[in-house]
Amino acid sequence: MDFRLFQDTICAIATPIGEAGIGLVRISGPDALNLARSIFKSRDSEQRFNSHTLYYGWIKDPSSGELVDEVLMSYMAAPRTYTREDVIEINCHSGYAVLNRILELVIGRGARIAEPGEFTRRAFLNGRIDLSQAEAVIEVIRSRSEQGLLLANRHLRGDFRSVIEGWRAALLQAQTYLEAFIDFSEDLPEEVEQEAPAYRSLLDEIRKEVIEPLESVLRRYEEGRVLREGLTLVLVGKPNVGKSSMLNALLGKDRAIVNSAPGTTRDVIEDSFILAGVQVRILDTAGIHHQPDEIESFGIERALRSVSEADVVLWLLDHSRPLTSEDQKVYEALSNSRYIVLLNKSDLTPAFEVEKVHELFAGFAPILGISVKNPHDIERLKTYLAETFVMRPIECCRSEIIPNLRQKECLENARSALARAEELMVSGSYGELVSLELQSGRKQLEAILGWENDGELLDRIFSQFCIGK
Ligand SMILES: Nc1nc2c(ncn2[C@@H]2O[C@H](COP(=O)(O)OP(=O)(O)OP(=O)(O)O)[C@@H](O)[C@H]2O)c(=O)[nH]1
Ligand SMILES: [Mg+2]
């Protein structure tokens, strides 16, 4: 079977351009094979091409006869290919000149350069994958942790699609029942009342089969974000409490300057480490205090901005010195953040009771006594962070699907529509109204799979891809 949705043939360099062992030029479309035939020469002058086979030979400029590179070329005939079209992949040496020369030859014979993500877009438009799978392709490429990769692969395999299709089928069936029921009752409100038990069981069914599992998928969104994007920690506190020392200790290297004089760090210092398989971005910031000079006040402004990016703020207090109004100032800056309190310098004599911190600041935030000077304490802190902010999400998500931002929004819209359907049913409204809400919920689920074919949405999604994917 030949796919003819697209008449043109696209091509791109699919590997990063630069010196490397292998580079790849990818071609997809109805002319792919003809085109390749005209520039590929093997020992066998009568070379025939079988699908899903790799051929050894040379790329040669047909007009000058000049040899360009020694290559391995694969041919995959539609429809069992990435795009469902004929696909040719030329594995050549990776160098700027070689890759560009081959691409030019391909373009010279009538192919057009692909836009970012266009191969995957064709895979979607030709029906090989749904939109959630296309999004999973980007996730696989961008995964920053093993867990994120596992998750992306689950979506790529189509797990999200099967869950959504299950819900969709349940809603469609509910709607069919409801419509049959509407036909019988001829919209008479009294009849509706008489049929309340039937209504009730339909409602229970939708709750159990769609609304509840949908809500549990929505709850996993935040956790998924950590697995996908990693965790951002921000160290804050008044000057000299040991923020930079803590940064260095967590990274296991001397990244930031540490000094006994307050006001050492003036800018945001960023680095990263791996915790339980997840990438952790960590930011050290300038000490927050009352009378900053000009440079310090820029630093403090940046510190506050960083706080708003944090998944978790590590707020340091110096346990060896009395609390001050500067600690209070930091506390006020954290009112919208998730934070834990680290009572640092526990190797020195404490200057206040831990209770005091509970009273003044912590509320429900956890408080950990710690000394940056003690390696055991740093290990303990890492274990705590891993268990609380990484392992828990991993446990929750081990075998589950997790929506991305776009999918989460569709799910939220679906949930609102279903909640309205529920209210209407409980209040005994007309079946038609309920049916409309069920339909609108179903449409939101379909949007996750890309059934709407909304061009703008597709542009937005596929423009995130690299060229050649
Ligand atoms: N005894 C002891 N000293 C510590 C500890 N943590 C940090 N210090 C010392 O406290 C001083 C300040 O440490 P920094 O890490 O520079 O503090 P900071 O919070 O980054 O300070 P600013 O950048 O000025 O805001 C240094 O002399 C550190 O050696 C600790 O746990 N115990
Ligand atoms: Mg510092």
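Lysine 41 stands opposite tryptophan 58 in strand S4 of this predicted model. Strand S3 (residues 40-41) and S4 (residues 53-60) run antiparallel, joined by 2 bridges; strands here are DSSP E runs of at least two residues, numbered from the N terminus, and two of them pair if DSSP finds at least two bridges between them. S4 also pairs with strand S5 (residues 67-76), again in the antiparallel sense, over 8 bridges. Within that pairing, tyrosine 56 stands opposite leucine 72 in S5. The two strands make a hairpin with 6 residues between them, and glycine 65 in the turn has a positive phi of about 80 degrees.

Now to the ligand. Ligand 1 is surrounded by 23 residues, the closest being Lys243, Ser245, Gly263, Thr264 and Thr265 (a residue is near if one of its heavy atoms lies within 4 Å). Here are its polar contacts, meaning pairs of N or O atoms within 3.5 Å:

| Residue | Protein atom | Distance to a ligand 1 oxygen atom |
|---|---|---|
| Valine 241 | backbone N or O | 3.2 Å |
| Serine 245 | side-chain N or O | 2.5 Å |
| Threonine 265 | polar side-chain atom | 2.8 Å |

Taken alone, ligand 1 exposes 660 Å², and the protein buries 90% of that (Shrake-Rupley method, 1.4 Å probe).

A note on conventions: residues are numbered from 1 along each chain as its sequence is written, while chains are lettered from A and ligands numbered from 1 in the order in which they are written. Local features need pLDDT of at least 70, side-chain atom pairs count only at pLDDT 80 or more, and totals for chains, interfaces and linings use all residues, with side-chain values based on heavy atoms and hydrogens and water left out.

Terms used: A polar contact is a pair of N or O atoms within 3.5 Å; within protein, one must be able to donate a hydrogen and the other to accept it, and residues adjacent in sequence count only if both atoms are side-chain atoms. Helices (H or I, at least four residues) and strands (E, at least two) are DSSP runs, numbered from the N terminus.
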